[in-house]
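Here is a short briefing on a structure. Please keep the sequence and the model in view while reading.

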Amino acid sequence: MAGLQELSLDGLSKHYGTVAALDGVSLSIARGEFLTLLGPSGSGKTTMLMAIAGFVTPTGGRILLNGQPIQHLPPDKRNFGMVFQGYALFPHLTVARNIAFPLEVRGMPKSEIDRKVGDALGLVQLGALADRLPRQLSGGQQQRVALARALVFSPHLLLLDEPLSALDRKLRADMQIELKAFHRKVGLTFVYVTHDQDEALSMSDRVAILRDGRLLQLGTPSELYERPATRFVAEFLGRSNFLAGKVEQTSADGFVFRCGSELFVQLGPERKPDVGTAVLVALRPERIRPVEPGSQLVNILDGTIAEFSYLGTAFHLLVDTAVGRLAVTVPTWRHGAPPVIGSKITLGWDADASIRVEQD
Amino acid sequence: MNPTRLTRSVGWAVICFLVLPITIVFPVSLTDKRYLSLPEEGISFKHYVNLFGSAEWLGSIGQSLYIGVVATAISVTAGTLCAIGCWRLSSRAGEAVRAMMLVPIVVPTIVYALGIYRFWVDLRLLDTYTGVILVHAVTGIPYVVVTVSTALAGFDARLEQAARNLGASAFQTLRRVVLPGILPGVVSGAIFAFIHSWDELVIVLFIASRAVFTLPRRIWDGINEHLDPTMAAVATIMIALTAVLLVLDLRMRRRKEG
């Protein structure tokens, strides 16, 4: 296995005429890390992966492997493994010949190829299917062949382009776990592209959120979920309520802001705004809970249940309040009787349950 | 919608018009007379015997095969590379080149032949194998470009990217991944290019005289000079060979779909 490599992007840009598919993205990927590029379609995540793989020539910036610029190397000289969307297995070659392909084009001796292909087939537990053609395999098996083929030549890192998008929901969940375990087993750097938030949160060491060709935020899944930097990130990763208001008062570790007729307290490590500035605060539905009227909780709000849906483990409520309609998720076990539409409810949340985000 | 009696009859009429004139050569080739006619007193294979005993006819068949095979090899190589290049460009430039490649089919053959004649005079290629092979190769390219382009339209471009990513050079990718993927289109193109050369007459009439005497030209001379039924025997063989090639082509396409 080749030593682990460090990849970094330095101001990487790709312009098509006046349109920027990628606009000055800089980030570095640690050795052995599972990094996910997450964004809606057109965010530049695929362009970024294709630039790393060598299929898109950047119009600006550099791609560095262990400090050496590689953006001008052709794809076949980069030694990066890749799992394509739809897998791109060669339809005229058997499973074993597909996996042997990268070794054959490198001119490796036959005996060594056979040994490595055998090892790779064992790694993905497909030894019994070595002589099948790709079209005779299930989606999950095809994916394992694609993985084995991308790893058999000891690449510097592995690129994955929405590899699970062709699978059905159930198989997708299984493959997420399998891929994650696989990453631990081979210890290689994975760069994974997806538009599926759950996939990104459940599998990655770190997630890079992209939008309109720009890197919005990079962090661990929990950092991104708990401390989104912008409204877009908060909305893109899960659901969120937003409270727009004006700062009334500041203290050492937070501030009080006015939202319509209500006053709320917000505590957190983020940079404190000056009194009088407009702020936007994100509040996750599961951080709000129903409380007794007159509760001592610092943030209290009265409302009326407008809609609810039953999700098995939780009720999802929409509550009309003085600051607008809020989404609230309440665990089923906590709620007791099912909610009644039109009934009064008092909501409360801790001062550190919410977070100030940038409007974008 | 069920075909009505009328459309059915028209359909059959068209098929008859297409096929019957071809089938007439079979009985004629078996005539017992010494001129072009239908058999009267009995069936005779003497014209086939005559054909295979004639150095002239056999020589022409050999020449046509030789020219056809070499010209096809050139057409297939050039046409396939051209189609792949256009596919890579996949833009207006590619479309324009593809359209230009069809010119040899669109321009009336006689105009084309006249142009080639003038050109070949200067190049001293008249009445040479090289001259005929070159013309047949060039005029065969469109068939290959069309069939290979069709095959490429159904070829997953990601396979090419996958090959490059796995370390294959551009040439290795072409040979190991792209060509196997479009092989049915390439073989189809080869079959059409060969048939094109095999029965091409007009250009050969212009640029060949004594040294090169292809089979269609031998038939043409035979008709002009003496109405020898051996021609019918030759025509039967030509039709049989063409039919075999077309059936091969059809079976290969079916195998690809199946």
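This is a predicted model: local features need pLDDT of at least 70, side-chain atom pairs count only at pLDDT 80 or more; totals for chains, interfaces and linings use all residues.

Residues are numbered from 1 along each chain as its sequence is written, chains are lettered from A and ligands numbered from 1 in the order in which they are written, and side-chain values use heavy atoms, without hydrogens and water.

**Chain B overall**
- Chain B has 13 helices and 0 strands; helices (H or I, at least four residues) and strands (E, at least two) are DSSP runs, numbered from the N terminus.
- The C-alpha trace of chain B spans about 70 × 60 × 30 Å along its principal axes.
- Of the 258 residues in chain B, 44% are buried (buried is under 20% relative accessible area, exposed over 50%, partly exposed in between; 1.4 Å probe, protein chains only).

**Helix pair in chain B**
- The axes of H4 (residues 55–89) and H10 (residues 170–198) of chain B come within 8 Å and cross at roughly 140°; axes are lines fitted to C-alpha atoms, for helices over the stretch in contact, with angles from 0 to 180 degrees between N-to-C directions.
- H4(B) and H10(B) are therefore oblique to each other (under 35 degrees is roughly parallel, over 145 roughly antiparallel, 65 to 115 roughly perpendicular, the rest oblique).

**Surface patch on chain B**
- A nonpolar surface patch includes B:Leu6, B:Val10 and B:Trp12, and its residues together have about 710 Å² of accessible area (Shrake-Rupley method, 1.4 Å probe; for residues, only the protein chains shown count as cover).
- Patch residues have over 30% relative accessible area and no salt bridge; like charges are joined within 9 Å, nonpolar side chains (Val, Leu, Ile, Met, Phe, Trp, Tyr) within 5 Å.
- B:Val10 lies in helix H1 (residues 5–23) of chain B and is partly exposed at 48% relative accessibility.

**Salt bridges**
- The count over all chains is 27 salt bridges (a side-chain nitrogen of Lys or Arg within 4 Å of a carboxyl oxygen of Asp or Glu).
- A:Arg214 and A:Asp23 form a salt bridge at 3.0 Å, N to O. A:Arg214 lies in strand S10 and A:Asp23 in strand S2 of chain A, so the pair ties together parts 191 residues apart in sequence.
- A:Glu162 and A:Lys45 form another, at 4.0 Å, N to O. A:Glu162 is buried at 9% relative accessible area, and A:Lys45 is buried at 4%.
- B:Glu40 pairs with B:Lys33 in a salt bridge, with the closest N and O atoms 3.6 Å apart. B:Glu40 is exposed at 54%, whereas B:Lys33 is buried at 15%.
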